[in-house]
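Me: I'm trying to learn how to read the strands in a structure like this one. Could you go through it with me?

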Amino acid sequence: TAGLTTDAPRGRDELFGGLLPAGMDRRACRSRYEAWRYYKHFPYAASAHLQSKLRAYEARHRRCAPGTPLYAKAVEQLRSGRSAEGLECTYVVWLPFDGLGNRMLSMVSGFLYALLTGRVFLAALPAAGSGDLFCEPFPGTTWRLPVEDFPVPDLVPRGQSIERSYTRLLDAKAVGPAANATALGVPPYVYLSLGWQLKDPLFFCGEHQQVLRDVNWLLLYSDLYFAPSLYGVAEFQDELRRLFPSKESVSHLLSRYLLHPTNPVWRLATTYYRSYLAPAKRRIGVQIRMFGFGSIPVDDMYSQILACSRQEHVLPETDDDATGGNEAAAAASSEDGSNSTAILVASLYADYYERLRRRYYEHPAKGGERVAVFQPSHEERQATDNMAHNQRALAEIYLLSFCEELLTSGRSTFGYVSSSLAGVRPTILLTADGHKVPEPPCRRAVSMEPCNLTPPLRVHCQGKPVDKEDLARHLRVCEDSKVSVKLF
Ligand code: GDP
């Protein structure tokens, strides 16, 4: 079919040129081996250093994963009430927080942190079962934390003010440079409260990273893509440079490495793709998210989409003097799909799909292009605890990532992940702050990197200064949020 890649030019093989490990069970997780056929862009290959780092990581994960003697030892140490020096396996435990896009971004960031610090990345996922969203990412082992047997009560916090978070413990002098000297020693675990309220901004200082190195278990509670802020830590800078010669590639490569939808999700995405999107010559993904704080009437939002599309030339223009969209266009274009566009709408609501569909139904697209509009679901509201809802949401993130071009909503992590996976610099609709229709309606993103919506501001680190010039060259204010930063 037109929209599927069947040949394998260099770097576009099923393992993405060495990004993915070989030898995993194909049937257990079909997306891992099939994804390359659906993606349209392969802008960055994994550097040799990233590849070797990932292979070394996988070996470490196998040695330290739940079920191994080293894991048992680390859990025993956790029970003892203090961290041990020189423990072979230390961990960062990812905890679920917020919507699906948020979770995917904090996973990618947490995994990068584990790579940089020699830790093992475990995820506190819901109990294993048919409703899983993601496959095991590492060969011959598990990334799943055995939550039931884990000796930290009430593991998942209920808010971002966490009693045993780093800054709180620091204030209580229970951790920090001086704590080593106390009889209590270093606590066995510390929470990192790195959500949108960013309670632990000191985490992004080199001198505090030194303190955290001695803590065996770090419990990560975040809904952010905080990878850009790791670039602000002098001790990580060189390694990051070697891992990602192009800073724009961080989340693109790591999300394609780490996140693989399970077979049921993959079936949803690929069945839909083959039925509706594959026959077209090109696909444009339109993701519309309306936040309570920036809501505007549907008609205003629709006008913003059209204004943006005209400004950045995203959607096919229509010939508004003519009527009879599909018939006229069909007569002028070939029947084999060679001049056709599929617009995929992802949104909780049906309004934008209906308006766009009517637009191309009532008016022909210029140049005889045939345009079809599709929307897989309109769930009306977010339902993060509902597994079937999440599976549909994840399928839609992947459907967006199979598009050649993307028009996404500002400040939406759902859109950010789609762009990273797709390897596409999206056009980003700006948020209607104060419920005012934004002007300009949108901006073309400088990179496919997600925005770090809450970076550490006004934190004065005391440690080794970071190479500010290098940072300034590759970190900038986000298109869609003035107080946020992204890599480019
Ligand atoms: P964000 O809130 O836009 O940053 O994205 P998140 O993914 O973190 O949270 C939004 C949640 O709302 C998603 O995880 C879905 O559960 C739901 N949702 C939002 N937009 C869509 C959509 O276009 N399609 C579907 N199926 N669900 C959506």
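Reply: Let us begin with a term: two strands pair if DSSP finds at least two bridges between them. Helices (H or I, at least four residues) and strands (E, at least two) are DSSP runs, numbered from the N terminus. This is a predicted model, in which local features need pLDDT of at least 70, side-chain atom pairs count only at pLDDT 80 or more, and totals for chains, interfaces and linings use all residues. Residues are numbered from 1 along each chain as its sequence is written, and side-chain values use heavy atoms, with hydrogens and water left out.

Me: OK, how many bridges join strand 6 to strand 7?

Reply: Strand 6 (residues 340-347) and strand 7 run parallel and are joined by five bridges, and I343 has V373 in strand 7 as its bridge partner.

Me: And what holds paired strands together in general?

Reply: Strands of a sheet pair through backbone hydrogen bonds, and the pairing is either parallel or antiparallel.

Me: Which strands are in the open sheet, and in what order?

Reply: Six strands form the open sheet, in the order 7-6-5-8-9-10, with mixed pairing. Strand 7 and strand 10 (442-444) stand at the edges with a single partner strand each, so one side of each has no neighbour in the sheet. From one strand to the next the twist averages 15°, where axes are lines fitted to C-alpha atoms, for helices over the stretch in contact, and angles run from 0 to 180 degrees between N-to-C directions.

Me: Is strand 7 mostly covered or mostly uncovered?

Reply: Strand 7 (residues 370-374) is mostly covered, as four of its five residues are buried. Buried means under 20% relative accessible area, exposed over 50%, and partly exposed in between (1.4 Å probe, protein chains only).

Me: Which helices lie across strand 5, strand 6 and strand 8?

Reply: Helix 14 (residues 387-401) lies across these strands and runs at about 150° to strand 6, while helix 15 (residues 413-422) also lies across them, at about 160° to strand 8.

Me: Which strands does strand 1 pair with?

Reply: Strand 1 runs parallel to strand 2 (residues 120-123), with four bridges joining them, and it also pairs in the parallel sense with strand 4 (residues 217-221) over five bridges. W94 stands opposite L220 in strand 4.

How values were computed
Contact means heavy atoms within 4.5 Å.
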